[in-house]
Amino acid sequence: MKIEQLKQKKVVILGFGREGIDTYLALRKLFPQKILAVADKKEIGQFDKKTQAILKKDKKVKLYLGKNYLAEIGDYELVIKTPGIARKEFHSLQMTSQTEIFFDNFPGTIIGVTGTKGKGTTVSLIYAILKKAGLKVFLGGNIGAPVLQYLLRAKPNDILIYELSSHQLQGLKKSPHIAVFLNLFRDHLDYYQSFNEYKKAKENIAIYQTKNDYFVYAKSDKAVGDIAKKTKAKKLPYALYDKAGLPASLREPIGEALRAGVNPMNLMAAISVAELFKISKEKIKQGIKAFKPLPHRLNFAGKFRGIEFYDDSMATIPEATMAALDALGQKVKTLIVGGSDKGSDYNGLAKKILKSSVENLIILGQGTGEKITKNLDDLAQQGHRMTLLGKVIIFNVMTMKGAVKICYEKTPKNSACLLSPASASFNLFRDYHHRGMSFRQYVRQHSKTKQKKA
């Protein structure tokens, strides 16, 4: 939707979190005299003081707050919806989003990145490389700043790297000039009615592209390959370079990034985008070296009492945990999994655990632990390596403190303990960051306590 169209509409901003506030501030700058409405399930006192001050100061804002916040917005001509609020509640209303407004009005180049896992790392890598090359580049979407206020000062030579979730892509009618699709796994099935509905939302990143656009995608992912067939863009599949094919100038920085826990496929995606801009191998090398891994993505949390600890709290689906086990190899002897359920299938993870070096499996809290345990036991019944009676011992704990205590007691020296939950965090924690920080806190705290002699 074009900016000039917004001026004529009776607008309500639905959801007043980080993105909703940015939308409000941008519209208020554009239309200082316009009546705007804000609807949110929070009461005014539940917002932070800064947000309360914004709302109380503006005499031209109408507020619909609290548990009945949806009841009175039916008269509005346009709803600007925050990602994550289900569209099915508002079939009778015209809806748009910050993402859609940005796509329709941005004068520069958009590099959109999606996938079930790896988006944040990939956009950060692309940003680091393009910035080193001297391009005018910005981060937006789920990472970086919300985009509407930035839109007000954007120029035609700007490049925005946009991390796009399924929620942001849902309902979008325009695709980015460069679309990067990393992978597609079963996820968010607590929100979407089926995997196909989730896939449909994701594919909007590609299906409105033209022959002048580019679609960069993982050659090895069949589901992403199916979406590639639907785009008119120039297709640029990427795969892992073998040792012979890896440019010599990039071996050292790529090796360093891999040792820091960066997924090699994310690296290849970022390099593919850099090559589209004809960035030299030397600048790509400098960009990779400048990149700092994002927190809670297979980060090394320290070595204590001879045990290496790894924080992979961002692993909220089983495929992410499987990738972490592949990356760390035979050193992992203790694995912490479990959390709230998003509808994932854990059979593949169970097989991976039974084939791995894991000896201690810690199930944290209630939720997906029952599904994981059942999958393990079903495989054991079929003749796979036994779980409870064999090398894999299962521990059920209700606190991170208890999980870390078992890590220290059961993990052999010169091996690793990995937090990679394969589940969302909301059974015990506010979010994945809270979970990861809790893990790190108790790892450090417990390292200072004296172990009891057997």
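**Close-up 1. Asparagine 414, an exposed loop residue.** Asparagine 414 is exposed, with a relative accessible area of 68% (exposed means over 50% relative accessible area, buried under 20% and partly exposed in between, with a 1.4 Å probe and protein chains only). Its loop runs between helix 16 (400-410) and strand 17 (415-419); helices (H or I, at least four residues) and strands (E, at least two) are DSSP runs, numbered from the N terminus. Although asparagine 414 is not a glycine, its phi is positive, at about 65°. Please keep in mind that this is a predicted model, in which local features need pLDDT of at least 70, side-chain atom pairs count only at pLDDT 80 or more, and totals for chains, interfaces and linings use all residues. Residues are numbered from 1 along each chain as its sequence is written, and side-chain values use heavy atoms, with hydrogens and water left out.

**Close-up 2. Arginine 305, between two strands.** Here the loop joins strand 12 (299-304) and strand 13 (307-311), with arginine 305 in it. Arginine 305 is another residue other than glycine with a positive phi, near 55°. Its relative accessibility is 24%, so it counts as partly exposed.

Close-up 3. The buried residues of helix 15 are Gly369, Ile372, Thr373, Asn375, Leu376, Leu379 and Ala380. They line one face of the helix, because they fall within an arc of 160° seen down its axis (the arc is that of the directions from the helix axis to the C-beta atoms). Turned away from that buried side are the exposed residues Glu370, Lys374 and Gln381. Covering the buried residues are, among others, strand 14 (332-337), helix 14 (347-355), strand 15 (360-364) and strand 16 (393-397), where contact means heavy atoms within 4.5 Å.
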